[in-house]
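Visitor: I have not looked at this one before. Can you put it up and take a few questions?
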Amino acid sequence: MRFDTVIKSGNVVTPAGSYSGDIGITGEKIAALGVDLDTDGATVIDATGHHVIPGVLDVHVHLELPFCGTVSADDYRTGTRAAARGGVTTVIDFAIPSANGSLSEAADTWMKKAEGKSLIDYTFHICITRYQEHKDQIEGMIDRGFTTFKEFMIYESEGWQSDDRALFGTLERMRQLGGMLLVHAESSRVLDELIARHHTPAMMQQYGARLHPMTRPNFVEAEAIQRVVQWSEATGGRLYIVHMSTAEGADIIRAAQARGVPVIAETCVQYLVLDDSVFEREDGHLFACCPQLKKPKDVQRLWEGLRHGEVSVISTDTCTFTREQKAMWEGDWTKIPMGMPGLETLMPLTYTSGVLEGRMTLDDMCMKLSTNPAKIMGLYPRKGAIQVGADADVAIIHPEKRHKVSPSTMETNADWSPYDGWDLAGFSRTTLSRGDVIVDDYKVVGREGRGQWLPRTARTN
Ligand code: URP
Ligand code: ZN
Ligand code: ZN
């Protein structure tokens, strides 16, 4: 059998286990797995001494998002270049309707952001921000190839907030139509009250950005997760909790899954490697994200959740803001644009803190970064695993070679990094997307705009 490309002599990670050998690629697809594959006429990529793993799916990103009075600084050009360097070959962003806009208009708007710019494949979760108006548009969006929806339990001032009626009704529709609802779970009224109690000149003077974690105790997330899990249990609608950050959340999910509730949980890599002690730093305000970083005991519990299985996915919630944008806060923590860069460091952080530090195996990492996200988001078996017939989305990483994180050498538009100076292994030496080499020798070489939109179909069971 002849191939266009052969990846030679790597440690290849597949759903059936790892083997030492080759991958044959024809066109955009993986055509063969084996040893000593025919290289006649093929481009040969030497993977000796490297792990060859499925391209990562980051299923929670915000590129060019209008948010907190500004627009997030990584667009589809810089964001997906950063992604590729970190071995990410698919992103899922969130299409958010404008003030009076429909779900379909939101999808069109986000399509335009990506088209002609994205280096890698992409699709969107469709955000339902005005349930009464949007509820009858859900089915049409599924017909259009969008099967995952999102509701925010906070962000009233952005015009994005959903109440219990919306959550309950949307979950009912998910059950009927075979879609899945993603939820940002934080308890809005309690959060409002805690912010109001602390929002005084004296407190802001005394505590600065530390007021961000001080006003978001763990019960703000836990109560909201508990409530929406209840609606999933009542309706049978598939629920996915995004960016879960607390130990209490993991406990609730574990118990719910044991009762058979169709709920899945994602955490983000920042909740696995950072904690809220960063707010003690002079530049602590840079680390404001939503939900905020939690305590070391939460970090530990999330790793445990990944091991036990109640946490299924690791993503980034990439929402990049530069130092200048973060400076908009001027001492008032409620005005800090919330979010951090993440795509470039998702796999390096997970590999270094997870695999090299013994918290997970390489197979587990591929499961949480590739296979599970692809299955859960309806992209498997096209994406998410090295197997015959799948898209040839592959990352080749050195087992130990480390690179120092430095904003000056990164692809992201951020002029800072939460991980500045960290020595991380797991950057992608070579990234392939549908058979094209888009990162070679740790440098991005792929053509801007080559990424494709990924249609999906709803579940029938
Ligand atoms: O800080 C964050 N996460 N910014 C993006 C918006 C969200 O809630 O995901
Ligand atoms: Zn969120
Ligand atoms: Zn988000």
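Visitor: Is Cys-366 buried or exposed?
Guide: This is a predicted model. In it, Cys-366 is buried, with a relative accessible area of 5%.

Visitor: Which cysteine sulfur is closest to the one in Cys-366?
Guide: That of Cys-268, but the two sulfurs are 19 Å apart, so they are too far from each other for a bond.

Visitor: Cys-290, then: buried or exposed?
Guide: Cys-290 counts as buried because its relative accessibility is 4%.

Visitor: Change of topic. Which residues are around ligand 1?
Guide: Among them are His-60, His-62, His-184 and His-243, along with Cys-289, Cys-290, Asp-317 and Gly-339.

Visitor: How does that shell split by class?
Guide: Six residues are nonpolar, five are polar and one is charged.

Visitor: What lies 2.8 Å from an oxygen atom of ligand 1?
Guide: A backbone N or O atom of Cys-290. A polar side-chain atom of His-62 is 3.1 Å from a ligand 1 oxygen, and a polar backbone atom of Gly-339 is 3.3 Å from an oxygen of ligand 1.

Visitor: How much of ligand 1 does the protein bury?
Guide: Taken alone, ligand 1 exposes 270 Å², and the protein buries 99% of that.

Visitor: Which cavity is the space taken by ligand 1?
Guide: The largest cavity.

How values were computed:
Residues numbered from 1 in each chain as written. Chains lettered and ligands numbered in written order. Predicted model: local features only at pLDDT ≥ 70, side-chain atom pairs only at ≥ 80, totals over all residues. Heavy atoms only, no water. Near = heavy atom within 4 Å. Polar contact = N/O pair within 3.5 Å; in protein donor to acceptor, adjacent residues only side chain to side chain. Areas by Shrake-Rupley, 256 points an atom, 1.4 Å probe, with all protein chains shown as cover. 1 Å grid on protein atoms, 1.4 Å probe; cavity = no way out; pocket = protein on both sides within 12 Å on 5 of 7 lines; lining within 4 Å. Sits in = over half its atoms within 2 Å of the grid points. Nonpolar A, V, L, I, M, F, W, Y, C, P; charged D, E, K, R; others polar. Buried < 20%, exposed > 50% of the residue type's maximum accessible area, 1.4 Å probe, protein only. Disulfide = S-S within 2.5 Å.
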